[in-house]
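Keep the structure open beside you as you read.

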Amino acid sequence: MNRRTLLASAALALGLAGTAMAQDDTTKVGFIYVGPVGDGGWTYEHEQGRLAVEEHFGDKVETVFQESVPEGADSERAMTQMALSGADIIFTTSFGYMDPTINVAKKFPDVKFEHATGYKRADNVSTYSARFYEGRAIQGLIAGHMTETNKIGYIASFPIPEVIRGINSAYLHAKEVNPDVEFSIVWAYTWFDPAKEADAANALIEQGADVILQHTDSTAPQAAAEKAGNVITFGQASDMGDYAPMPRVSSIIDNWAPYYIDRVQAVMDGTWESKDTWDGIGPGMVGIGEITDAVPEEVKAEALAMKDAIAAGEYHPFTGPINKQDGTPWLAEGEVADDGTLAGMDFYVEGLTGEIPN
Amino acid sequence: MIHLVKRPQPSRVWTAVTPLLAVVLTMIVGGIMFAALGKPPLEAIRTIFWDPLFHPQFAAYSRPQLLVKAGPLILIAIGLSIGFRAGIWNIGAEGQYIMGAITGAAVGLAFYPLDSFIVFPLMVIAGALGGWAWGMIPALLKVKFGTNEILVSLMLVYVAEAWLASVSSGLLKNPEGRGFPGSRNFQQYDAGANTEVIAGTGMHWGVVAAFVAVIFAYVLLTRHIRGFHIRLTGEAPRAARFAGVNPGRVVIFCLGLSGALAGMAGLFEVSGPAGQITIDFNSGYGFTAIIVAFLGRLHPVGILLAGLLMALTYIGGELAQLMLGLPGASIQLFQGMLLFFLLATDVFTNYRLQFGQGETA
């Protein structure tokens, strides 16, 4: 009952006629997706999280979603309509939804909002993200061991801290096991564009790269590597297991399900509070897909040992000594990066070539 | 046998009827598609065309949103239609839209945090100039070197997108944005914000500009000698030349005008509904406006109605996704059908069907 009156008052505050029709016995959970649910990567994994919420709570929840919502004005409308339709909690799953989420949250103080990968919070807006750089460290280690040409291609999406963190983490750990390793980074300026991603992969392979890392969401680079032969890749966001055992030798999997179930439960219990969550391999938000037999036993063992050390909190992928690209010291021997610097990371570590575009 | 026979003159009846027929055909075939997807077809059609206007729960919010969505479409389509009338094909409005947003926003951000009434008008002028300049590139290349404006304007869209990515992670990046790409948000900078003229109606300055553009285009095309020259160039280029029309000047006028209007649309969007320059700020208005221009028969009033109809299918389509769980791609298909059926039924404007044997030649 309470919720209905509150929603109605929110609607009135907006100057809206009409009654909100939230049902009292079910919790309505909404998701805003930036890509299609079938992208096989980022949005696909959020969709898996939504399905897990449905399965876990059964009749107690109703879920709705909207896919391929452009960032900006359109997303604000999508969120508002979702809130008007009686959603109790809305997950907005892309960085570009940050300001719209804050705007809509202001108009609906009684709806909970969860924004992925952003940094703006409010009383009814939480943020959450995953420490993908932990997975990148393991990728880097495998890549450094596996490359024969010592050239590793990296398909980057946008020059934002999350992507830069991934590049740095992969590079540091590839370099550690193979001092001769070189990274070629291509900025694709897209999260999902199979044609562009395939072009980038082919260009990198032609330049002699025999390992392709990707921070874009389609399987096109996997297909390009398969065609070229003797090139290995890693699944991104999703397992991309169709390409195992070669070229895909492992993967980073986003696993949002436990978090989503947890937060929906909190709404049901009335214990939901605004907070910032940044979980990694330990709590299971970042998964490492099966390492295939294409990787030698000892490399696999080393990778799994690192995974266990990260999960247990014994090892941090950004542990000094680490210098910045220009040679200035960043972390002293044994020093561990703080979350603030990591969250806003806008520099390469020493050894990487090229500049971060701007 | 069925023959198509060319009409001596385009049929006025068909010109008026085809848009309506296209909408009806889209509803029928779209309904079949929705049914095939296992969704109730009538409910889906009702959700798309009726609910944004009259649904008790959503309409109060979505009616103003219709204007917000239609505004830039109409503004851009008006500019394009004038060029299309003259046979000048500006396919790159999306690029001019982006450049207008960038130049306009750059002027606004340069003044930040100055609180003066002059900031917003200057931004509008800068936006129009940015779009105009981007439209001048294909125009001058066409006049000087005879290049094809379709290709040049289209390719410049991708150049503009690269500029957008560059400035949003560089030049115009919010210094307080923690390293993330994207400019300051104009919604938090009152002097540079494109606010609603009447609160709660969705009527922001861009919508006002779109309505003004409709009237302006109507007067230009029906009352002004330049409008006559434009129509003449499109319908009878040789006659136009004999009448003393300078074809180069028409090209420059049409591409410049459509560029300026697209640039203004970009500025109104970035300073209003979108709020900030981001890497993927553009959401296809420049391309959708081409559909709107043709759906509106290149006529100012037609474009006004077509823009509103297109906005309706967007917002209704979003509602249908939300309420009925329709896949996003099916909505895009639905919109695509609209143009497809319009072009298909358009045949009857210039041709008529003849059954049986054709007349002997």
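Pro245(A) sits in the loop that runs between β9 (232-235) and β10 (248-254) of chain A. The model you're looking at is a predicted one, and in it the peptide bond from Ala244(A) to Pro245(A) is cis, with omega near -5°. Step along to Pro247(A), which also lies in the loop between β9 and β10 of chain A. Here the peptide bond from Met246(A) to Pro247(A) is cis too, with omega near 0°.

Other loops of chain A have backbone angles to look at as well. Take Ser68(A), in the loop between β2 (61-66) and α3 (73-84) of chain A. Ser68(A) isn't a glycine, yet its phi is positive, at about 50°. Is Ser68(A) buried or partly exposed? Ser68(A) has 19 other C-beta atoms within 10 Å, and a residue needs 20 or more to count as buried, so Ser68(A) is partly exposed. Now go to Thr117(A), in the loop between β4 (112-116) and β5 (125-130) of chain A. Thr117(A) is another residue other than glycine with a positive phi, this time near 70°. Thr117(A) has 21 C-beta neighbours inside 10 Å, so it counts as buried.

Time to zoom out to chain A as a whole. Chain A has 11 helices and 14 strands. Its radius of gyration is 21 Å, close to the 21 Å that the globule rule gives for 358 residues, so chain A is as compact as a globular protein of that length. Along the principal axes, the C-alpha trace of chain A spans about 65 × 45 × 35 Å. Of the 358 residues, 54% count as buried. If you look at contacts in chain A with a separation of 6 or more, 65% of them come from residues 24 or more positions apart.

How is chain A divided up? The domain assignment gives domain 1 (2-130) and domain 2 (132-254 + 286-343). Their C-alpha centres lie 32 Å apart, and the contact takes 12 residues from domain 1 of chain A and 15 residues from domain 2 of chain A. On the domain 1 side, helix α2 (residues 42-57) of chain A gives the most, with three residues. That side of domain 1 divides into six nonpolar, four polar and two charged residues.

Helix α5 of chain A has 15 residues and reaches 21 Å from its first C-alpha to its last, close to the 21 Å expected at 1.5 Å a residue. This helix is mostly covered, with 13 of its 15 residues buried.

There's a partner to bring in, too: 30 residues of chain B are in contact with 36 residues of chain A. On the chain B side, α4 (59-85), α13 (300-324) and α14 (328-350) are the elements that give two or more residues, and α13(B) gives the most, with four. By class, that side of chain B has 14 nonpolar, 13 polar and three charged residues.

Stay with helix α13 of chain B and find Gly317(B) in it. Gly317(B) counts as buried because it has 21 C-beta neighbours inside 10 Å. Leaving aside residues up to four places away in sequence, Gly317(B) touches Ile48(B), Ile331(B) and Phe334(B). Ile331(B) is 14 residues from Gly317(B) along the chain, and their C-alpha atoms are separated by 5.7 Å.

Terms used
Residues are numbered from 1 along each chain as its sequence is written. Chains are lettered from A and ligands numbered from 1 in the order in which they are written. This is a predicted model: local features need pLDDT of at least 70, side-chain atom pairs count only at pLDDT 80 or more; totals for chains, interfaces and linings use all residues. Domain bounds come from an automatic or database domain assignment. Two residues are in contact if their C-beta atoms, placed from the backbone, lie within 7 Å. Ala, Val, Leu, Ile, Met, Phe, Trp, Tyr, Cys and Pro count as nonpolar, Asp, Glu, Lys and Arg as charged, and the others, Gly among them, as polar. The radius of gyration is taken over C-alpha atoms; the globule rule is 2.2 Å times the number of residues to the power 0.38. A residue is buried if 20 or more other C-beta atoms lie within 10 Å of its own, exposed if 12 or fewer, and partly exposed in between; C-beta atoms are placed from the backbone. The expected span of a helix is 1.5 Å times one less than its number of residues.
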